[in-house]
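Subject: Structure handover, aromatic contacts

Hi,

Here is the structure I promised. Please open it beside this note; my findings on the aromatic rings follow.

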Amino acid sequence: MVEGSLAFASLFVALAAAQGSLPGTARSVSRLPLAFVENAGQWGEEVGFRARRGGTTLDAGREGFLLRLVRREDEDTVRGAHLRFAFEGGSAGSRLAAREELPGVHNFFLGEDPARWRSGLRGFAKVAYEGVWDGVDLVVRESGSDLEYDLFLASGAGLERVALRVEGASGPLRLDETGSLLAPTALGEVRQPRPSAWVETGEGRTPVDVRFRLLGEDRFGFGIAGEAPAGPLVVDPGLVYSTFLGGSGTETLK
């Protein structure tokens, strides 16, 4: 089952990286931006957009996003882990949308039935959950070798209403001494560094002290140290899992 020429290129890069050599063509492909590809029926209806590189896949669905990690242990053993980030208390009127269309198209030829084939699909640099909480947008994007999700709060929107539930972790969430949020998995911990946050003003960015809050063993939110700032707020936590990105040597093409 083949996800078009781009899937072949991605597999070639992962295999070359695992072997310690990247020819010039593969290096060029490895620098392509991560694309969130629209779902036109080639995947299950729970997937709105999918991004994949190496052993890492992110599925953006209407009520959250799913991070799937795969790593080859040896010639006969492949291990995996799933982490789903589900939005709690979200707005019924929220909308999942794509932003910043990327050049090129993506083709999917699944099985031998042409009715299942899809071609000419678009890829995007970002997916946005618009109005996921009242006055709050959440945008998922690539940043270097990692993924980030940014929270954009309109002036007066309460950060305390933002809550996410993490499903699939192998143990309780915890905060380390730096304020990072750690989610254990069978492949190691996925870390979200202490958020960067700021308010945009006419004079530039004014930093805001935002921290993670544990709301239970599998839930977290955010809190502001001190008085809530006036004006639109941006919160940027990040997701660090580069151990898994682009170096598995395996890809399941489906």
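First, a term: buried means under 20% relative accessible area, exposed over 50%, and partly exposed in between (1.4 Å probe, protein chains only). At 1% relative accessibility, F222 therefore counts as buried. F212 is buried too, at 6%.

Some ground rules. The model is predicted, so local features need pLDDT of at least 70 and side-chain atom pairs count only at pLDDT 80 or more, while totals for chains, interfaces and linings use all residues. Numbering runs from 1 along each chain as its sequence is written, and side-chain values use heavy atoms, without hydrogens and water.

Aromatic pairs: rings of Phe, Tyr and Trp (its six-membered ring) pair if their centres lie within 6.5 Å; planes under 30 degrees apart are stacked, over 60 edge-to-face, the rest tilted. That rule gives 11 aromatic pairs. F87 and Y129 are edge-to-face, because their planes stand at 80°, with centres 4.8 Å apart. F87 sits in strand β5 (residues 77-87) and Y129 in strand β9 (residues 123-133), 42 residues apart. Strands here are DSSP runs (E, at least two residues), numbered from the N terminus. Both F87 and Y129 are buried.

F212 and F222 make a tilted pair: 5.3 Å between centres, 35° between planes. F212 is in strand β18 (residues 210-216), F222 in strand β19 (residues 219-224).

One aromatic cluster holds F65, F85, F87, Y129, W133 and Y149.

Last, charges over rings (NZ of Lys or CZ of Arg within 6 Å of the ring centre and within 35 degrees of the ring normal). R50 lies over W43 at 4.6 Å from the ring centre. R205 has its charged end over W198, 4.0 Å from the centre.

Best wishes

Definitions and conventions
Helices (H or I, at least four residues) and strands (E, at least two) are DSSP runs, numbered from the N terminus.
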